Each structure stands twice: as C-alpha cells, then as structure tokens.
Amino acid sequence: MSGLPLHGQVAAITGGGTGVGAAAAASLARRGARLVITGRREDRLRSVADALETEVEVLAADITGPETSALVVDRAIEQFGRLDIVVHAAGIFEKRPIEETDDAFWHRTLDVNLSAVVALTRAAWPALRRSAGQVVLISSVAAVQGFSDNTAYAASKGGMNAIGEVFREEGRADGIRILTICPAQIDTELWDGKAPDSVRGRMMRSSGVGEVVASLTASDRSIDFAPVTIRPPSNPWLAEV
Ligand SMILES: NC(=O)c1ccc[n+]([C@@H]2O[C@H](COP(=O)([O-])OP(=O)(O)OC[C@H]3O[C@@H](n4cnc5c(N)ncnc54)[C@H](OP(=O)(O)O)[C@@H]3O)[C@@H](O)[C@H]2O)c1
C-alpha cells in the first residue's frame, strides 16, 4: 500500500454511490486513498464501500442540506485527520426548453450542481490548504457547448468551469490544484429513461472516467491542467454506418 501514489491521502467524493463518483472512489482507492463518500442513498454508498479495499466512511445526506458540507469535512478530519482531495461528482441533469425552465427547476439545478460545490469547497478549503490538496470538478461539455433544452444544466456547469478558474487563482499560493473535467456522454444512471441502450453502449464507461479522475489526481504536481474535455470516440447519438 505504501508504494501507491495516493497512499496516506484522503478523498471526499460527492455522488459517490453511483456512476462517476463510485468509479472515482474505486480508482482512487486502488491508488491508496482513504475515502469519505456521500450521496442521499445509503444503500448505494454501502455497496460501493463494501467492494473497496480501503477505509471508507459513508455519509448519507442531501448535498444541498445546510450542514452537509461541514459534516463531510468533519468526517474526514475526525476519522482520518486530514483531507487531500475533494471530488465534486454529485449532479442532476434534466432537459427542459426555456419556456418550461420554471424557477423551482432552475433553482434546484443550480443548488445541487453549483451552490453545493461552492459550499463544500468553502468548507474544505482550510484542510486543503494544510494538505496542498486538490479539487476535482466534474463539469460537462455543456459548460462550453450549446445543446437545446439545457439552460439550467448548462448554466450550472458553465458556472462550475468559471469558479474552477477562480479557485485555481485563489489556491495557487497554497499549492492547491484544481482539476476541471468536462465529459461528454458517460453511460450512467443519469441517462436512465433518456437514451436507448444502443446509444448508451456507445457512451464512455464510468469506470474509464473514474480512472481519468484518479490518474490526473495522482499525476506529477509540477503539472497544472486546463479544463480537460473527454468524450467518446464518436457521437453516441449517431448510428453506425
Ligand atoms: N453521465 C454523463 O453523460 C455526464 C456527462 C457530463 C457530466 N456528467 C456529470 O457527472 C456527474 C456524475 O453524474 P453521473 O453521470 O455519474 O450520474 P449519476 O450516477 O446519476 O450520479 C449523480 C450522483 O449525484 C448524487 N446526487 C444527486 N442529487 C444529490 C443531492 N441532492 N444530494 C446528494 N447527492 C446527490 C446521486 O446520488 P443520490 O441520488 O443517492 O443522492 C448520484 O450518486 C454529474 O455532475 C453530471 O452532471 C455526467
């Protein structure tokens, strides 16, 4: 274990019970990190934790709850004494045309996908400063590319890219590294009921995206990354010829 690149480090992962968050948990664990994983569904978190050969703390909570960010950071510090990596993978995605983007939908999307990221990063910042840690933002190509019926999600992810650049500036003096990852389509529960199996089969696998998260996180700290776009080799929505 001690030869692993993230041995001794502690990562907190939102959305850790499914999809990209669960895959990132597995990949970070393989590199030696201990984990705090959070999400609302405790059963999903427990099954991720049970499959990993590292110490894992499970914290079932809504990421938009007023106390959740502090609880996540406190759990890491109480159990492991430090926090080195925060992976923001919790997110919601629903397409709605602008005329149906009512205030409740708009605010809920921004609350989960953006405001909670600010709240957790703020809570984690003192610990990240002590560890010269890292913040991983799971953004989206939707941050920079227009897709129809996507106002709320695009705003949340565009905002994520923007705050990532601010965090990068604020963190520089303390050696905090920001990794903004902008994926195109990944085959996860996010697409349940939204894409047929044939299309999902052409999307990126979450396990591969988890490996991208962990390998960037474990990479040489003399390297900074501009926002990293990752995508499948071809557009999954275009049928093969
Ligand atoms: N799949 C894609 O094509 C794709 C592409 C680009 C970017 N992304 C981004 O990747 C991230 C991970 O998504 P995914 O694809 O892995 O889908 P996913 O499996 O649906 O993951 C989303 C996670 O967010 C958690 N979550 C949602 N609302 C929450 C809340 N209020 N409080 C706490 N946790 C909450 C969910 O857990 P609970 O429901 O248990 O709370 C779930 O584990 C998201 O930010 C998404 O925007 C995905």
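Not counting residues up to four places away in sequence, which residues does Ala-124 touch? They are Ala-12, Val-73, Leu-83 and Val-86, where contact takes C-beta atoms, placed from the backbone, within 7 Å of each other. The structure is a predicted model: local features need pLDDT of at least 70, side-chain atom pairs count only at pLDDT 80 or more, and totals for chains, interfaces and linings use all residues. Numbering runs from 1 along each chain as its sequence is written.

Ala-124 sits in helix 4. Helices (H or I, at least four residues) and strands (E, at least two) are DSSP runs, numbered from the N terminus. Ala-124 counts as buried because it has 25 C-beta neighbours inside 10 Å; the cut-offs are 20 or more other C-beta atoms within 10 Å for buried, 12 or fewer for exposed, and partly exposed in between. Asp-74 is 50 residues away along the chain, yet the two C-alpha atoms are separated by 9.1 Å.

Zooming out, the chain comes to 7 helices and 9 strands, and 44% of its 241 residues count as buried.

A nonpolar core is a set of buried Ala, Val, Leu, Ile, Met, Phe, Trp, Tyr and Cys residues joined through C-beta atoms within 7 Å. The largest one has 63 residues, and Ala-24, Ala-25, Leu-35, Ala-124 and Val-136 have the most contacts inside it. Helix 4 (residues 103-131) gives this core its largest share, 10 residues. As for Leu-35, its contacts beyond four places in sequence include Ala-11, Ile-13, Ala-25 and Val-56.

Arg-44, Leu-45, Val-48 and Ala-49 are buried. Seen down the helix axis, the buried residues fall within an arc of 135 degrees, so they line one face of helix 2; the arc is that of the directions from the axis to the C-beta atoms. They pack against helix 1 (19-30), strand 2 (34-39) and strand 3 (56-60). On the other side, Asp-43 and Asp-50 are exposed.

Finally, the ligand. Of the 27 residues around it, Gly-15, Gly-19, Arg-40, Gly-91 and Thr-188 come nearest, a residue being near if its C-beta atom, placed from the backbone, lies within 6 Å. Helix 1 supplies the largest share of this shell, 3 residues.

How values were computed
Contact = placed C-beta atoms within 7 Å.
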